[in-house]
Amino acid sequence: MQLLQKFKRGNSKKSLSKGHANYAYTIARVRAMKSKLLPKETYPRLMNMSIDEITRFIEESEYKEDIDQLARQYEGVDLIEHALNRNLAETFTKLLYISEGDVNFLIGEKLKKYDIWNIKTILRGKYCNASTEEILDAIVAGGRLNYSSLSELAAKATYEDVISELANTEYYPILENYDGTNLSEIENKLDKMYYTGLFDAVGGSKSKDRKLFEEFTRMGIDLKNLITLFRLKKSGITDPEAMDLMIDGGLRCNLKETGKLLPLSFADFVSELESNPYWDVISDIVKPDMTSLVDVETRLKNHRLKSAASFSHVYPNSIVPIMDYMLSKQNEISNLRIIIRGKAANLEDDVIKEQLVI
Amino acid sequence: MGVKDVKPTRSELIEIKKKIKLSQSGHKLLKMKRDGLILEFFEILSKAKDVRSELDAAYEEASRKIGIANAVDGTITVKSTAFALKSKPEIELESRNIMGVVVPKIESSSVKKSINERGYGILGTSSYTDEAADAYENLVEKIILAAEIETTMKKLLDDIEKTKRRVNALEFKVIPELQEAMVFIRLRLEEMERENTFRLKRIKG
């Protein structure tokens with residue numbers, strides 16, 4: 001445990017104290033970092049390039065160092081994807097290092113997604129007896145837990161050892177219930193913890209910038225609940241216990257209303273959705289006999305990112321531009337991966353373009 | 001069996017006549033079996049064609065879905081999610097009999113799974129991964145079905161070939177040789193009878 005604390009990033013008591021926040025400094029650094037993001041004109045150009053040309057383009061961009069570092073381990077499209085993930089992790093780590101106080105706390109809460117992801121990956125790896133290398137291959141050290149501590153966790157012999165190593169973390173109360181068979185239940189609880197934690201972190205503030213961020217977070221909860229409902233309905237799950245998967249704190253949909261949709265069949269669910277606040281976003285693609293949810297999920301994801309872009313320029317001296325940068329960076333990585341992986345899988349250009357958020 | 005090796009005796013003639021009768025009825029039965037197997041084969045062939053085209057379509061769909069999941073969620077996500085599933089599909093192998101040909105009957109279970117049975121959490125995954133998993137489960141089911149039908153087809157073909165060889169051997173080798181031997185014994189017996197009659201006449205004279 002001491003080892004884990006030693007390797008945790010930027011969460012010293014000093015940096016977590018909410019009184020001292022270096023917004024001005026962090027935002028100045030973030031602006032400089034944002035200027036290095038690829039302009040939106042780049043993506044249509046990349047769409048017209050072959051994989052080799054895209055690879056060369058990425059090798060000559062901000063990702064050069066990451067590609068050089070990983071070139072001996074990976075090759076081809078895998079190299080590009082790992083380099084993109086490494087760059088994302090490095091960028092977010094940098095944000096944790098340069099920020100202090102309240103801003104560090106908020107960034108940390110947002111980046112818990114990566115810590116939870118990595119813990120889940122390690123537990124999944126232990127569950128199916130994957131090797132340490134295989135587990136480490138699927139890790140993105142973008143949160144407070146750094147690569148060294150995650151490597152130590154991945155090298156543990158059993159899941160019990162992994163959990164005992166995490167005994168003093170906030171994840172332990174959930175992880176201690178893991179008995180080696182209920183992995184999906186534990187994963188759902190960890191993910192739910194991330195959303196409720198983020199909601200608690202941003203909620204309750206009276207400042208306008210925080211309210212904006214709170215609204216954005218709550219919209220994320222609404223959309224997460226909606227897509228979870230779509231997936232449950234498509235699988236024919238009407239079990240009331242599935243209500244545990246719904247996250248409280250949505251912006252425009254309350255939990256009671258969402259719960260009423262749970263026992264419905266897919267066709268009834270779709271007809272009930274017409275009164276949902278997000279119906280306009282998906283109305284043209286949702287049909288009672290639809291076979292794929294990919295378009296719905298893409299549309300909802302894009303809606304969230306576009307709504308974030310709409311308020312990115314207001315309140316320049318607040319958490320908003322920092323979160324905007326984090327989303328933009330994630331989006332850049334996602335777009336590059338979609339283009340290169342899509343081309344490698346011979347997906348049609350239209351399919352690739354539908355998934356991009358430009 | 002060469003004609004020279006045949007003993008020209010009455011008992012041998014009776015034996016050969018029995019053999020000819022048996023061979024002819026065997027030939028008739030084998031011909032019927034061959035025709036029956038060919039009919040079965042053509043029925044299974046049309047099924048196999050359908051299953052093969054369904055398998056090709058399922059493979060294309062699975063490749064497309066995993067391509068989208070790898071692109072949108074990332075291979076790292078797909079790989080990590082795959083770790084969550086340890087149970088493997090179970091296959092039960094039985095056999096059934098088509099006109100004496102033993103063919104396999106493959107029963108599979110635990111291939112298709114609901115999203116809450118796949119081992120991964122629903123909140124941390126996406127519909128891209130769900131659909132890739134769905135498409136691969138469908139592909140595995142088609143592979144199992146194709147394996148059953150194509151093995152049956154192969155076994156039937158082997159048996160048709162074997163039966164055809166037996167029918168041909170009976171029709172063009174065994175029965176003609178036996179008939180030749182029968183003719184030879186008859187001629188030889190007649191000849192021996194004439195020799196005997198001649199010998200008796202000479203003794204009397």
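In what order do the elements of chain B run from the N terminus on? They follow the pattern α-α-β-β-α, which amounts to three helices and two strands. Helices (H or I, at least four residues) and strands (E, at least two) are DSSP runs, numbered from the N terminus. The structure is a predicted model, in which local features need pLDDT of at least 70, side-chain atom pairs count only at pLDDT 80 or more, and totals for chains, interfaces and linings use all residues. Residues are numbered from 1 along each chain as its sequence is written, while chains are lettered from A and ligands numbered from 1 in the order in which they are written.

The overall form of chain B can be described by several values. Its C-alpha atoms fill a box of roughly 120 × 25 × 25 Å along the principal axes. The radius of gyration of chain B is 33 Å, whereas a compact globule of 205 residues would have one near 17 Å; this quantity is taken over C-alpha atoms, and the globule rule is 2.2 Å times the number of residues to the power 0.38. Of the 205 residues in chain B, 29% are buried. A residue is called buried if 20 or more other C-beta atoms lie within 10 Å of its own, exposed if 12 or fewer, and partly exposed in between, with C-beta atoms placed from the backbone. Two residues are in contact if their C-beta atoms, again placed from the backbone, lie within 7 Å. Among contacts in chain B between residues at least 6 apart in sequence, 83% join residues at least 24 apart.

An unreviewed UniProt entry places a "coiled-coil region" at residues 146-195 of chain B; UniProt positions are given in the numbering used here, feature names are shortened, and annotations may be inferred rather than shown by experiment. In the model, this stretch of chain B is 100% helix and 0% strand, and its end C-alpha atoms are 71 Å apart. Elsewhere in chain B, Met99(B) occupies the loop between β1 (90-98) and β2 (101-109). Met99(B) has a positive phi of about 50 degrees although it is not a glycine. Because 14 other C-beta atoms lie within 10 Å, Met99(B) is partly exposed.

Chain A is divided into domain 1 (1-16 + 41-205) and domain 2 (208-317), with bounds that come from an automatic or database domain assignment. The centres of these two domains of chain A, taken over C-alpha atoms, are separated by 25 Å. Nine residues of domain 1 of chain A are in contact with twelve residues of domain 2 of chain A. On the domain 1 side of this contact there are four nonpolar, four polar and one charged residues. In this classification Ala, Val, Leu, Ile, Met, Phe, Trp, Tyr, Cys and Pro count as nonpolar, Asp, Glu, Lys and Arg as charged, and the others, Gly among them, as polar.

The interior comes next. A nonpolar core is a set of buried Ala, Val, Leu, Ile, Met, Phe, Trp, Tyr and Cys residues joined through C-beta atoms within 7 Å. In the largest such core, of 111 residues, Val140(A) and Ile322(A) touch the most other members. This core draws at least three residues from each of domain 1 and domain 2 of chain A. A second, separate core has five residues, including Val6(B), Leu178(B), Ala181(B) and Ile185(B). Leaving aside neighbours within four places in sequence, Val140(A) is in contact with Asn85(A), Leu88(A), Ala89(A), Tyr114(A), Trp117(A) and, from the other chain, Ile76(B).

Thr26(A) belongs to helix α3 (residues 23-34) of chain A and is buried because it has 22 C-beta neighbours inside 10 Å. By contrast, Asn129(A), in the loop between α8 and α9 (132-137) of chain A, counts as exposed because it has 9 such neighbours. Phi of Asn129(A) is near 55 degrees, a positive value in a residue other than glycine.

Finally, the contact between the chains takes 36 residues from chain A and 28 residues from chain B. On the side of chain A, α13(A) gives the most, with six residues. The residues on that side divide into 15 nonpolar, ten polar and eleven charged.
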